Amino acid sequence: MKTQRPISPDDDHRVVKFRPRTSAQPPGRAAHEAADLSHYERKGEEPDDFRHRMLANLAAFAFTVALTAIGIWLALSIAELRKTQDCVLMGRRDCAQISSIPRG
């Protein structure tokens, strides 16, 4: 069995001395990382290719719409499968939906 020592009043009130940082940069970041960003700028003599930019934006938008549609379709089909599985697990026999094509 462990013996418990009484808590002395000195343990309750300890002051931790604050030491400010001595370096101007955060730790782990080198000085060369904050270099000049001028090599990322567009050159003045290069023309702005508006048509290419708009085509890229349109392609990105179409891709986003396709991903959203696939996600919605997937969520609805999973919900339908879950509903059918719950019906079967309850012991019912009329769970499958039979689609009929009208003849005319």
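Reader: What is the relative accessible area of C87, and is C87 buried or exposed?

Author: This is a predicted model, in which local features need pLDDT of at least 70 and side-chain atom pairs count only at pLDDT 80 or more, while totals for chains, interfaces and linings use all residues. Residues are numbered from 1 along each chain as its sequence is written, and side-chain values use heavy atoms, with hydrogens and water left out. Buried means under 20% relative accessible area, exposed over 50% and partly exposed in between, with a 1.4 Å probe and protein chains only. C87 therefore counts as buried, its relative accessible area being 10%.

Reader: Which residue forms a disulfide with C87?

Author: A disulfide is a covalent bond between the sulfur atoms of two cysteines, and here the term is applied to a pair of cysteine sulfur atoms within 2.5 Å. The structure holds one disulfide, whose two cysteines are both buried, and its link is left-handed, with -80° about the S-S bond. The sulfur atom of C87 lies 2.0 Å from that of its partner, C95.

Reader: Leaving aside neighbours within four places in sequence, with which residues is C87 in contact?

Author: Contact means heavy atoms within 4.5 Å. With neighbours within four places in sequence set aside, the contacts of C87 are R92 and C95.

Reader: Which residue forms a salt bridge with R92?

Author: Side chains of opposite charge can pair when their charged atoms come close. A salt bridge is counted where a side-chain nitrogen of Lys or Arg is within 4 Å of a carboxyl oxygen of Asp or Glu, and a search of the whole structure finds one. The closest N and O atoms are 3.5 Å apart, and the partner of R92 is D94.

Reader: What share of the 104 residues in the protein is buried?

Author: In helix 2, I70 counts as exposed, because its relative accessibility is 51%. Across the 104 residues of the protein, the buried share is 2%.

Key:
Helices (H or I, at least four residues) and strands (E, at least two) are DSSP runs, numbered from the N terminus.
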